[in-house]
Amino acid sequence: MMKSSPSTALAAALAALGFIGLAAPAHAWIYPEHRDIAVLAVEKLDPERRAQFDRLWRDARTGHEQRLCEKVADGQQGVAPACIDWAAFPAIAGDHSCSSKNMLDNVLKSDWILQVADVAAQLKVDLGRIAVTARPDVNIFGKDAAGDVQRLIEDEALRADRQNALRTSDTRLQRADVEYATRAGSNNAHFLLPRPRTDTTPRQYAELTLSPGAELSAVGVYAWFHLSALQKATRLATEQLAPAERQALTRAMLADEGFALHFLEDTYASGHVAGAWGDVSQRKGTHDYYNQAGLEAFTWSGGSDSMVLMGDAHMRPEDAERAARVVTVSLQQVIDHATGRDLPARVPHTPKAPAEPDAFDVCKNNVFERREVGLRATPEAFAQMPDVLGPTPVPGLGPGLGAMPRFRAEVGPFIGFAGSGDMRMVDGGYLPSVTDKGAIYGAELSLRAGLGLDGVIGESGDGLVFGSIGLRGDSSSTNHQPTSSPALAAAGGEAAVRSRFGIATRLRLPFYLIPGDLLFLAPVYLFSPETYTNMAISASNGGLIPWQAGWATRIGRFQFVLGRELGATFYGYGFENTMAVPGATPGAEPRVVDFKSIHFDLPILEYRPYRAFDTKQSSAVLIQLFAGADVPQSATVTWPQGAPGVKLDTIYSIGLRLIFDWRRYF
C-alpha cells in the first residue's frame, strides 16, 4: 500500500485546492433564469410555429413520457417537478452537462436531475423576493449622512439575502450534481471572446469564434450545436423515416438546439460580455463585478441605441425579454427547417447528420475541432447566423488600450500579515491550587502565506488556506496564586500566569467531514483526482454537512469555523518562560520553574464586519470567538537547587479576538 508523508499529503491537498482556483466556475445566468428565458421564447412563437413545435415535442417524448413533461414549456411549473420540459434543456446545458448527448442522458437516465430542477425552482422563489437595484452612491460625510447610511444598510440587506439564497442553492446543487462546481470552469465556453481591435467587423469576429482551432466561446458553442440541430432538421423535412427513427432524430434535434441556446442566452449576461480574459482571479472578479453592477453594451446590428445588461442572479424582466427575442429567432429556424417551410436560405439536406445528439464535449475541449466531411457548415448555414447574432452584444476589447476596467477576486496565492488583540478567560493556573478564574490579554503580529479561494463557488464559500508565523505577547493573568509571601511577590510570582512572549503559528484549511480529512485522504488524489477534487470543492463550500458556509447579513458575515483553523503558540522556545511558585513546604522559599508550554486555540465562530478588496490587495476586520488549551510540556526547578519538582496542569480558556488581516495576491 502506498504511504503518504505529511508533506506529500499537504502537497496533494494544495494541488486539489489549487485546481479549484484554476477552474473557478463562472456560470452565466443561473438555472431558473435560463429556463425563464426559454419559456418566454416559446411563448413568443406565432400560433402556427407553436403548434408545429408542440408536435415535434410529442414525437420527442415518445417512450419517455414519465421523464419528459407533456408541455414543451410549463410556465407554471413549481418546486419538486415530476418531469423535465424542453424549456429546462438550456438550463441543464453547460452547467449540468458537457454536451448535447450528455445532457439528454442526464435528463432521461439520471435520478439527480429532478433534484436539480427542484433546487432551481426554489431558488427562483427565493430570488423573486429580492429586488435588483443599483448600488447607492453613499457619502457618509455629506449633508444627508443618515439617509446615505440607511440606504447602504438596505442595499447590504438585499445583497445578503441574495448571497444566502445562492449559498443554499449552490450547496444543494453540489450535493445533487457532484460535478457542478468544476464543469463550467475548465475553459471560456460560457464567455464572449474579446475583440482584438476596435474595427473588428461582424464577419471577422465570426471567423475568430467559429473557425476550426478557435478557442471555445459562447458564440462559437452556440453556432456549433445550432448547426447540428439544423442538419438534423433537414433530415426530418426530407427523409421518409420509420416512426422510431423519426422520434429519435427529433429528440436529438431538440436536445442539440436546447444545448445551443444555453450559450446564446449567455451572450446577454454582463459578466460574460466583459470577463473573458486575464488570469483566473481577473476573470472571476470582472465577471462578478459586472454581473452585479451592470454593463452598457451595443449590438452587432449597429445603431446608436445601447442597452444595460445584468448578469447571474440579477436578471430583470427586460433582460429576459431581450434574450428571449433572439432565442425565439433561433428556435424558429429549427422549426422551419424541420417542417420544410420555404426559406430564402435553407441549410441543404444533410444525410450524414446522426440520429444521436451531438457529443462534442465543451468541458474537455478548449478549441473547436474540424467537423467531418458532410457535416461542415455551408454558406446557407452561415446565412442563418446574422438574424440571430446581429442583436447580441458586442464584446469589449482584449488586453491593451481601451479595455474595460478589470477586477480581481480573492483567488490565488498571496502573502500578507495579520495583527490581532485578544482577551481570554482562563479557568485557573498551572498549579492545581489555583482555582480562581482570571483574564489574560494578548497581542499577535504574524506573516501569512497561502492560497485564496474565497467564494470560488459562491460568495458564501470559504476555501481559504494559509499558514502563518509570528510573535505573540501576553499580559499577566488577573488571577493569583493562593499562597502569597513577600518573597513570592518580589519574584513576580503572585500572578497565576506571568507575562511572556511566544512564537505564534497558525494553519487554516477547509475540511470535508472532519477536521484535517483533506490531508489524511490526500492519497486518494493520486488514484482518483476527480473524486478528491469534488471533496475539496465541497469542503470549500462549507463541507459535506454545510454548517460552515458563511451567512451574510446587513451588518457583516458570520461563519462557524470550528475545525477549519488551529493556532499554536510556543512559550519557552527561544524566549524565557519562568514562574515563581510557593515552596514545597510551608515557610520554604519560593521555587523558580523554567518550563515550556504550547497554547492551542480553536476559533469557533467568526464575524467579518468589514472587507475591502482592490485589484491585488485585500483587507478585512474579523472578530473570532475561540477556545484554548495551554498544555505544559516540561518543567524544571532552577532555584533553589535540589528543590522538589512541580506538576503543572493544562489551563483551559475561552476568548474573543479582534483581527486585522491584509493580503497581497499574485
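Buried means under 20% relative accessible area, exposed means over 50%, and partly exposed lies in between, with a 1.4 Å probe and protein chains only. By that rule R506 is buried, and D601 is buried too. This is a predicted model: local features need pLDDT of at least 70, side-chain atom pairs count only at pLDDT 80 or more, and totals for chains, interfaces and linings use all residues. Residues are numbered from 1 along each chain as its sequence is written, and side-chain values use heavy atoms, leaving out hydrogens and water.

**Overall architecture**

- The protein has 20 helices and 13 strands. These are DSSP runs numbered from the N terminus: helices are H or I with at least four residues, strands are E with at least two.
- Along the principal axes, the C-alpha atoms fill a box of roughly 115 × 70 × 45 Å.
- Of the 666 residues in the protein, 54% are buried.
- Contact means heavy atoms within 4.5 Å. Among contacts between residues at least 6 apart in sequence, 75% join residues at least 24 apart.
- The accessible surface comes to about 28300 Å², and carbon and sulfur atoms hold 59% of it. Accessible areas come from the Shrake-Rupley method with a 1.4 Å probe; for residues, only the protein chains shown count as cover.

**Salt bridges**

- A salt bridge needs a side-chain nitrogen of Lys or Arg within 4 Å of a carboxyl oxygen of Asp or Glu. The whole structure holds 38 of them.
- One of them pairs E372 with K352, with the closest N and O atoms 4.0 Å apart. Both residues sit in the loop between α14 (317-339) and α15 (379-382), and they are 20 residues apart.
- E372 is exposed, at 52% relative accessible area. K352 is partly exposed, at 45%.
- R472 and D474 form another salt bridge, at 3.0 Å from N to O. R472 is buried at 3% relative accessibility, and D474 is buried at 6%.
- R506 bridges to D601, again with a closest N and O distance of 3.0 Å. R506 lies in strand β6 (residues 500-508) and D601 in strand β11 (residues 591-613), so the pair ties together parts 95 residues apart in sequence.
- Shared partners join salt bridges into one network of D422, R424, E444, R472, D474, R506, R508, E565, D601, E606 and R657.

**Aromatic pairs**

- Rings of Phe, Tyr and Trp (its six-membered ring) pair if their centres lie within 6.5 Å; planes under 30 degrees apart are stacked, over 60 edge-to-face, and the rest tilted. The search of the whole structure finds 22 aromatic pairs.
- F417 and F660 form a tilted pair, 6.3 Å centre to centre with 50° between the planes.
- F417 is partly exposed at 33% relative accessibility. F660 is partly exposed at 36%.
- Y525 and Y532 have ring centres 5.8 Å apart and planes at 70°, so this pair is edge-to-face.
- Y525 is partly exposed at 23% relative accessible area, whereas Y532 is buried at 0%.
- W224, F360 and F368 are linked by ring pairs into a cluster.

**Charges over rings**

- A charge sits over a ring if NZ of Lys or CZ of Arg is within 6 Å of the ring centre and within 35 degrees of the ring normal.
- R500 places its charged end over the ring of Y571, 3.7 Å from the centre.
- R657 lies over the face of F626, 4.1 Å from the ring centre. R657 also belongs to the salt-bridge network.

**Nonpolar cores**

- A nonpolar core is a set of buried Ala, Val, Leu, Ile, Met, Phe, Trp, Tyr and Cys residues joined through side-chain atoms within 4.5 Å.
- The largest core has 95 residues; F53, W86, F89, V221, Y222, M253 and V362 touch the most other members. Helix α10 (residues 218-238) gives the most to this core, with twelve residues.
- Leaving aside neighbours within four places in sequence, V221 contacts A189, L216, F259, F263, V362 and F368.
- A second, separate core has 15 residues, including A496, V593, V646 and I651.
- In soluble globular proteins, nonpolar side chains tend to be buried together.
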